[in-house]
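Please summarise this two-chain model for a reader who has the sequence and coordinates open.

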Amino acid sequence: MDPRLKLEVPRVGGIDELLPQKDDSATILENFTVDPATGGWDNRIGYEKYFPNATLYQPFTTEKRIHSLYVWSTHSGARTYTLFESENIASARCNLRFTVGNVAGAGQIVDIDTFRRIPTLNEPVTDFEPFGRYLIIVNGHDKPLKWDGEKGNNQIPTLGWESVPGPVSPWTPDINPLNGALGGLGKGQVQFYGIAAADPFDSATNQNSQNSGVPIGFQNTYGLGSKTVNAKNNYRWRVSFVSETGSESPLSASSELAKWQTSGAGTQLRQAVLLENLPTGPRGTVARRIYRTKNLGSGISADNEGAYYFVAEVKNNVETSYSDSTPDQFLVTLAPSETESVLFPCPGARFAAAFKNCLFLDGGQSDPTRVYFSNPLNPDSFSASNYFDVGVRDGGDITGLFAYYNSLIVFRESSVELVRGDPSTGFNVVPFIQGIGCRAINSVTSVPGIGVMFLGNDGVYRIFGGLDGGSQVQIEKMTPNLVKTEKRFNSALLARASATYSPKWREWHCYMPVDGEEKPAFGLVYHVDKNTWSTRKDFPISVIASDQNGELVFGHNTGKVGLPSTWETGLFVVSRKRARGYSVVTVPGDPPTQATQASPPPNAKYRSKWHDMGKAAQKKFVKYVYLHVMTKGDNTIPLTYYRDFDYTGITSSGEKMQRADHPDQGVFGTAVWDTAVWEDPFFTTIRYPIAQGASSTFAFEFETQNDIVLVGYSLEFGANKTQTIKGKR
Amino acid sequence: MAFKWTEGDHVTSNILDVDQFNSSFNNMKGEINGGLDRENLPNGSISNEELSSKALVKYAVQPGVRMQSTVLATATWDDGSGGAAITEQFRCTNYNNYAGGWKTNSTQKVSSLFQEGMLHVEYNGWYWLRNHINTTNVTRSGGPHLQSWCQFELLLDGNPIITGGRHYQNVGQVHLVVDVPVSTGVHEVALRWRFSANPDPSTITVPTSGTELARPIFYYDGGQITVVNRYR
């Protein structure tokens, strides 16, 4: 009697490289996604052009490697900006651009910033962070930008204040400061003149005598200075810029004193003072604010400094003068202190994160352990004391910032810290964990139900939980079983790893350089629904991002390099297209033209775990492998089977993915119009006979470009009492 | 959304998977049934040919806007050669009827249902203003000649949306143009005007005779308010 035994794997799982492997696991699982209908593995994936119907790769014509990518969706998705940064074959610099519309052609790419620094192979690429209606763009080299989605190249305001406004020049009222006589300084200030005044030009004195002060009737409520006889009046002004974000710049230096003495005879009047040289601000300035002291009084020659008060806001960035007639009693609001807004402290910022209404930035390469944060809701204004230095603890440089739940995660080379608090009670930074770091800030992703996933120095981790309501922040390694794959990572270049989560595919994709290569060419995919891992190969992904619908957009890792027939350039999308990109072919004609032709689909490879059937020492004779699949058609898929970890196996004949004991379902290419029907894929079992001797462990594999949905499998085997022989000496 | 990529790819010798077909087809259909936006409509894809009349705009016009509650008043010119003063009657308002401040022409206004979008409002008209050059009784003792002026403003639901500059000429054209965003609903666009207050604002000197107050001062006519509502 042949005692047939059966091993059933109803639903296959993901990769497990830790021996002995888990029951449903796979040794190799390459280029698969989860089939939502069965929970099995589906290889119907590929990638296609961002503009599928475009001629060649238009509008991408000159792009080499795409270094950074960000999909900024605004207006409920109606305005989606796909920003990317690429080397250009015509220059040795990067251009930051975005795509427009969905018709490829001229004008479908708009430059945001050109001649940007090309990131080195081991430094993080440009970081994008939405802040209100702006997108903050930092890369550690070029000036940090704040982009509103509208402005083009050379029009985008930079982040923060780079300079202090210059002081205004007050015109001292045209009265002799010594004796109060008219026409003293001769500057001819024209401010107010009495309604009862005669001809403004006094022909008797041949002098301008119109500065007789604020009109009678207004003099008690308007004007500067005292009405006391011979009173000495002194004022100073300061100015600040206001940006379109509402942020206020540092205050200017104090102006010169405007000083005069109230007339000793006749009517004593208040004055208005003309402020000249009102400074105009940099790009993005929408207003200027004017502050003034109250009357500094008798210190006519003393360099008095008093408190400054808000006088007025000049709501433009054009006018260069202002007439100040606001009396002292109207001055109520104190000017911001000198420390409330300072010059932009981190022009070399590499990482940005919005947290609790504040913009957090790192100090850049020259200040790599410092985190600065803006005043709340004002991304341009930074107080003098708004920073932390995490360099007081081991952990290395800051490698990224990421807001999560009620904490801001500060990633460092070998530690993770948390920023807690809020702008009203103050922020503080607390150490979270030492020994685990993250150099790959572009891999940090928030994944629903999982937490924050990131590529650490030795595998993928997640941070989950919070610090409020009795919860606890925890960290966990998610790839303890990918022991071989982890060793392939090129740890020197992890900063260029790129990851994103797609709610459409329900997958977290992370692409990184492996095997000593310089470009990301290998993908690690976490399948949320199956809580397991697979890998991606032959997807030329330099950077990846998901759009508002979860579509996986990526930038090519090589671009326009090499022969025209082989290069692909620009942006692409991971989709159900059964193609692994394109090649360029010549279309005969007069003249001949060139067109892209879809390449064959990517190879999908599945190798089962090494089965020992529960007892490795006993020899087994595998008779059949039954694949539980969904019917896919007439394309055949052969199986290769191995024993005892051998490198080479035996390949079976290919089997169609059709039900074995039923008529075949109709297939594409043979269907007859008006007769054939659309087919449903059926769940079926395909039997592969195995012709192999006794083995301690058994595995099977298939590698195919044909469609397959593998749900599970079973092995039918026999076993006798043959045991593994004695070990060798 | 703006773009759709392959949801299902039919490959030769594969079964004609209905789910793949439906997925692709429904995506396309969904795109047309509500997914279209300015991102995926190519430039020039919709021209005047595709638009029915008034599909995107509505307009309203109020012609014949003129000053309300006017009187007939007499202006007097002195004859420099010693002859009798010249008098002329004007339809106008004067300081017997006007004490200063903005006055709204609430009789001739536009009140209509507008859709959310932009409202382009224009006013054109002419005015007549008596000033110091051509009539008597406008100076005050010891002071300079008075400069009288008039000014126009357009209101949207009672709020000023554009204020013209002051007009000092005897006769002139008024042209006000403004664009403002509006919500859906009935909105009212009206004209209001003012001119310089009583010609002797001095607290010392008061008008000495009723005759001065009865002099014609200001009039406007031939006005038209045009409102174009561009839907969003």
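Residues are numbered from 1 along each chain as its sequence is written, while chains are lettered from A and ligands numbered from 1 in the order in which they are written.

**Confidence**

pLDDT is the predictor's confidence in each residue, from 0 to 100. Chain A averages 86, and 90% of its residues score at least 70. Elements here are DSSP runs numbered from the N terminus: helices (H or I) of at least four residues and strands (E) of at least two.

Two stretches of chain A fall below 50: residues 176-180, with 15 contacts beyond near neighbours in sequence, and residues 182-212, with 50 contacts beyond four places in sequence. A contact means that two C-beta atoms, placed from the backbone, lie within 7 Å. Where pLDDT is low, the predicted coordinates should not be read in detail.

**Chain B**

Chain B has 2 helices and 10 strands, running α-β-β-β-β-β-β-β-β-β-α-β from the N terminus. Among contacts in chain B between residues at least 6 apart in sequence, 73% join residues at least 24 apart.

Four strands of chain B form an open antiparallel sheet in the order E4-E9-E6-E7. Its edge strands, E4 (103-114) and E7 (159-163), each pair on one side only. Neighbouring strands of this sheet are turned by 25° against each other on average, direction ignored. Strands count as paired if DSSP finds at least two bridges between them; E6 (150-156) and E9 (185-195) of chain B have 7, in the antiparallel sense. B:Leu156 has B:Val189 in E9(B) as its bridge partner.

**A hairpin in chain A**

Strand E27 of chain A (398-404) is largely enclosed by the rest of the structure, because 5 of its 7 residues are buried. E27(A) pairs with strand E28 of chain A (407-412) in the antiparallel sense over 6 bridges, and A:Phe402 has A:Ile409 in E28(A) as its bridge partner. The hairpin has 2 residues between the strands, and A:Tyr405 takes a positive phi near 55°.

**Nonpolar cores**

A nonpolar core is a set of buried Ala, Val, Leu, Ile, Met, Phe, Trp, Tyr and Cys residues joined through C-beta atoms within 7 Å. In the largest, of 137 residues, A:Ala352, A:Phe360 and A:Leu455 touch the most other members. Strand E52 of chain A (709-723) gives the largest share, 6 residues. Apart from this core lies another of 31 residues, among them B:Val110, B:Leu119, B:Leu156 and B:Leu191. Beyond four places in sequence, the contacts of A:Leu455 include A:Cys438, A:Val460, A:Leu494 and A:Met512.

**Contact between the chains**

The contact takes 34 residues from chain A and 23 residues from chain B. On the chain A side, strands E7 (79-88), E41 (571-575) and E46 (633-637) give two or more residues, and E46(A) gives the most, with 3 residues.

Definitions and conventions. This is a predicted model: local features need pLDDT of at least 70, side-chain atom pairs count only at pLDDT 80 or more; totals for chains, interfaces and linings use all residues. A residue is buried if 20 or more other C-beta atoms lie within 10 Å of its own, exposed if 12 or fewer, and partly exposed in between; C-beta atoms are placed from the backbone. Axes are lines fitted to C-alpha atoms, for helices over the stretch in contact, and angles run from 0 to 180 degrees between N-to-C directions.
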